[in-house]
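These are notes for a colleague who has not seen this structure before. Please read them with the model open.

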Amino acid sequence: AWVVFGLAAALTVVSQIVKYTVPGRRLREVGVPTRTLLVAGAAGVVGFFVIPVVGLIVGFVVGVYVMERQRLGTAAGARASTGAALRAAGLSMAIELAAALLIAVLWIVGVVLT
């Protein structure tokens, strides 16, 4: 039981680190600044309360687009940056989901073997 717990804890820690570093590196390569992501996150929180169910996603997308439109000055550049931010967010969620599934499989294997 302690081995399963230790492996699950280690996997959780590693996945949390990877979840932020890999998408963050991709956003830096594309040129999306951290300030844009912070403002988009705040817009997502506001959207969560303004539009039930989907407001978080809508607020994040609108926040990235508005900030990048202001920074870059073109709609095409803002759309490209928004697409990159959405892909990075999706990658982060996929990493977290994969880690959760691996931890669940690890737990099931631990239960079956004991």
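1. Glu96 is partly exposed, with a relative accessible area of 36%. The model is a predicted one. In it, the side chain of Glu96 meets that of Lys19 in a salt bridge, at 3.3 Å from N to O. Lys19 counts as buried, at 8% relative accessibility. Lys19 belongs to helix 1 (residues 2–30) and Glu96 to helix 4, so the bridge ties together parts that are 77 residues apart in sequence.

2. Lys19 has a further contact to check. Ser92, found in helix 4, touches both Lys19 and Pro23, leaving aside residues up to four places away in sequence. Ser92 is buried, because its relative accessible area is 15% and the cut-off for buried is under 20%.

3. The structure holds two salt bridges. Besides the Lys19–Glu96 pair, Arg71 forms a salt bridge with Glu68, and their closest N and O atoms are 2.7 Å apart. Arg71 and Glu68 are three residues apart in helix 3, so about one helical turn separates them.

4. On the overall layout, the protein chain has four helices and zero strands, and its elements run α-α-α-α from the N terminus on. The C-alpha trace spans about 60 × 35 × 20 Å along its principal axes. The radius of gyration is 18 Å, while a compact globule of 114 residues would have one near 13 Å. Of contacts between residues at least 6 apart in sequence, 55% join residues at least 24 apart.

5. The surface figures belong with this. Of the 114 residues, 25% count as buried. The accessible surface of the chain comes to about 7600 Å², and 76% of this belongs to carbon and sulfur atoms.

6. Which residues make up the largest nonpolar core? This core has eight residues: Leu27, Val32, Ala40, Phe60, Val64, Ala84, Ala85 and Ala88. Helix 3 and helix 4 (75–113) are the elements that give two or more residues to the core. Helix 4 gives the most, with three residues. Ala84, one of the core residues, touches Leu27 and Val30, again not counting residues up to four places away in sequence. In soluble globular proteins, nonpolar side chains tend to be buried together.

7. The elements giving two or more residues to the patch are helix 2 and helix 3. Helix 3 gives the most, with three residues.

8. The loop between helix 2 and helix 3 deserves a separate look. Val53 counts as exposed because its relative accessibility is 79% and the cut-off for exposed is over 50%. Pro52 is in the loop as well, between helix 2 (34–50) and helix 3 (55–72). At 60% relative accessibility, Pro52 also counts as exposed. How far apart in space are Pro52 and Val14? Their C-alpha atoms are 33 Å apart, and the two residues are 38 residues apart in sequence.

Methods. Residues numbered from 1 in each chain as written. Predicted model: local features only at pLDDT ≥ 70, side-chain atom pairs only at ≥ 80, totals over all residues. Heavy atoms only, no water. Buried < 20%, exposed > 50% of the residue type's maximum accessible area, 1.4 Å probe, protein only. Core = buried A, V, L, I, M, F, W, Y, C linked by side-chain atoms within 4.5 Å. Contact = heavy atoms within 4.5 Å. Rg over C-alpha atoms; globule rule 2.2 N^0.38 Å. Areas by Shrake-Rupley, 256 points an atom, 1.4 Å probe, with all protein chains shown as cover. Salt bridge = Lys/Arg side-chain N within 4 Å of Asp/Glu carboxyl O.
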